[in-house]
Amino acid sequence: MFQPKKKRPRIRKTMSGLIALTLLSSLVFPSIAGAEPAEPSQVQFANVSVQAGQTVHVPVTLKQSYSQVSAYNMQIDYDTSALEVVRITPKSVSTISTSPEETGTGDFQYVINNEEGWVRIIWVDFNAGERLISDEQQLFDIEVKAKSNATPGTKQLTVVQGDSEHWHFTNLEHNSGAQLSGGTITITAANPSGGNSGSPGSSSGGSVSPTTPVVTPVPSTPAVTKGVDIYVNGQKQEQSATATTSTVGNQVTTTVHVDNDKVINQIGSGLRTLLLPITGTGKGAVVGELNGKLVKTMEGSNAEVVIQTDSGTYTLPANQIQVDQVLNQFGSTVPLEDITIQIAIVPSATSKQTAIQAAADKLQNTTVIATPVDFEVTAIWNGQQVNVDRFNSYVERSITLPEGVDGSKITTGVVLQPDGSLLHVPTKVIKGNGQDSAIINSLTNSTYALIYHPATFSDVTNHWSREDVQDLASRLIVQGTGDNVFAPDRSITRAEFTAVLLRGLGLHSPISAEAASFTDVKTGSWYEDEVQTAVSYGLISGYADDSFRPNSEISRAEALTIVSRAMKLVGLAQADASETTSLLSTYSDSAKVQSWAAEPVASAIKQELVQGADGKLMTDADISRAQSAAIVKRLLAKAGLI
């Protein structure tokens, strides 16, 4: 059921090893003799700002490629007195490697040397030209930390472009190299209060990304602007917004600019819902624009903004935009009315669609239904932008199924992971007049796709858990043990149960960089990331001896304790002290429930996640794989997520 994550081959941490790989790339894709010279590709390092003691992400993007890139390598130098590199994360679809057992795939490798102040990155397409980089896309992300004692000022990420060992791009048709721009890091003084307010996972909201430059594409057709109606608390507000439609390349985008002051004057303090219905755009992108002042007003009223389009709907509570955190990124003195908040529903780029289809092809009996969709929230001010990409409660969005597509042929929504795999996100299908919709709830913004992945197991056909197990398997939450069997009555370990719960909730990455400090969670183990993610969301805490005991079988009491913490995340009420006593007293073995487990067990009973058997709770007994599937499904259903 739980296979260890396949690891990439360990990089040879020597300069000679990387250089040798670079030379090999030139042999794999040599330049075509006599080819006409072409302009070099354009590579942009983002210009960013960061407080001393904080980290910042620097996206590295291939802005324009005049031919197909088959390999590149670069050495990026930085000032170690002020900066250190935390990690490098590949972002381009072409840089996502498959398992090391599969030969002929693209590969991305890097070495960080924070003592000498350089990082060396290399990518080579080893797949016979099938993973070439040929369009604009982000190559990778550099996470940089400004040291706490760093002096305010600017630092530059530099590359010696005249040295092929430090900067080299290999193109399939010719070898014209690439030109680099950007890479300035502006360090500001540390916040006296001890950091940015509203840190990830706090009650004030999720997280926002550091500022990056705004890239404004040039429309290929003249923009057309017209007045449109919006709805405040269900009441039409005529001509309170304008819609501008333009085309960039093959992408039609309609941007709705709300008359912020007019709406604020109309709503006073009684706003509940601001609806922007933008229909008739087909498969085009739709962007709703508000300013920070209106968002702050809506936040005070616990209001939500709804973007409604032909392809889907995005329902976003204003308090999840985290306008105060956005303001901190730009500078606390920036007027809120000068900050533009963009909420977008965008058909996914061809490269993402290709990656999702490739991931689905690796799964058995899986079909991608409808075009994947990106949901985005961006704040813009003075040529800089901040991405709002995490929330502290589930945010709802829907994807409208194409006409003629039966909603019963959707088993779940998924997001594409950096490693090229697909992860379940809580999804339910709503029947409509002519067209069904898939309702997806998530704690992040991402690219979402819908799949049909029916799953059955030979050993649950007549088992009480058949419906629960096969439903969760079709959602990619649980897996079999091989040979089309599930082993429903087998016990489940603490690491396995944690992984099932995380998959069910759609939690796929930690909300903080703090590593779990368990003494027995080994680096490189299949469950390392799951444990860290669960810790960051407050779902697990381990034992008094700082161990987690990942391979120990989990008891019913331990499992329900973790589930009770997840109940807070999905908004389910827990049992109070008086309810705990009453709920437990109906079971003959209630006296055996240890004090630390009493409230969690009672909460699970209150929400009908467990019922006991023969009048007993048996909290010390091991929980089975089938019972785990049933509890997780009941949790998601009770919360209205599936």
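Colleague: Is Asn484 buried, exposed or partly exposed?

Modeller: Asn484 counts as partly exposed, because its relative accessibility is 42%. Please bear in mind that this is a predicted model.

Colleague: Where is the place of Asn484?

Modeller: Asn484 sits in the loop between α6 and α7. Its phi is positive, at about 60°, although Asn484 is not a glycine.

Colleague: And what is the phi of Asp483?

Modeller: Asp483 is not a glycine either, and it has a positive phi of about 55°. Asp483 belongs to the loop between α6, residues 466-474, and α7.

Colleague: Does Asp483 count as buried or exposed?

Modeller: Asp483 counts as exposed, because its relative accessibility is 76%, and the cut-off for exposed is over 50%.

Colleague: Let us step back. How many helices and strands are there in the protein?

Modeller: The protein has twelve helices and 29 strands. Of its 642 residues, 51% are buried.

Colleague: What share of the contacts joins residues 24 or more positions apart?

Modeller: Among contacts with a separation of 6 or more, 76% are between residues 24 or more positions apart. As for the surface, the accessible area comes to about 28,100 Å², and carbon and sulfur atoms account for 47% of it.

Colleague: Back to the helices, then. At what angle do α7 and α12 pack?

Modeller: Helix α7, residues 494-505, and helix α12, residues 625-638, pack at about 30°, and their axes are 10 Å apart. The two are therefore roughly parallel to each other, since angles under 35 degrees count as such. The crossing of α7 past α12 is right-handed.

Colleague: Which residues of α7 and α12 meet there?

Modeller: From α7 the residues are Phe497, Val500, Leu501, Gly504 and Leu505, and from α12 they are Ser628, Val632, Leu635 and Leu636. Sorted by class, this contact of α7 with α12 has seven nonpolar residues, two polar ones and no charged ones.

Colleague: How do α6 and α12 cross?

Modeller: The axes of α6 and α12 cross at roughly 70° and come within 9 Å. These helices are therefore roughly perpendicular to each other, because that term covers angles from 65 to 115 degrees.

Colleague: What makes the contact of α6 with α12?

Modeller: On the α6 side it is Glu467, Asp468, Val469, Asp471 and Leu472, and on the α12 side Ala626, Ala629, Ala630, Val632 and Lys633. The residues of this contact of α6 with α12 comprise six nonpolar, no polar and four charged.

Colleague: What does Ala626 touch beyond its sequence neighbours?

Modeller: Leaving out residues up to four places away in sequence, Ala626 touches His463, Trp464, Ser465, Val469, Phe486 and Pro488. Ala626 lies in helix α12, and it is buried because its relative accessible area is 0%. Ala626 and Asp468 are 158 residues apart in sequence, yet 8.0 Å apart in space from C-alpha to C-alpha.

Colleague: One more, on the strands. Where does Thr253 lie?

Modeller: Thr253 is in strand β17, which covers residues 251-258. With a relative accessibility of 19%, Thr253 counts as buried, because the cut-off is under 20%.

Colleague: And which residues is Thr253 in contact with?

Modeller: Apart from neighbours within four places in sequence, Thr253 is in contact with Thr244, Thr245, Ser246, Ala285 and Val287.

Note on methods: Residues numbered from 1 in each chain as written. Predicted model: local features only at pLDDT ≥ 70, side-chain atom pairs only at ≥ 80, totals over all residues. Heavy atoms only, no water. Helix = DSSP H or I, 4+ residues; strand = E, 2+ residues; numbered from the N terminus. Buried < 20%, exposed > 50% of the residue type's maximum accessible area, 1.4 Å probe, protein only. Contact = heavy atoms within 4.5 Å. Areas by Shrake-Rupley, 256 points an atom, 1.4 Å probe, with all protein chains shown as cover. Axes fitted to C-alpha atoms, helices over the stretch in contact; angles between N-to-C directions. Parallel < 35°, antiparallel > 145°, perpendicular 65-115°, else oblique. Left-handed = near helix turned anticlockwise from the far one by under 90°. Nonpolar A, V, L, I, M, F, W, Y, C, P; charged D, E, K, R; others polar.
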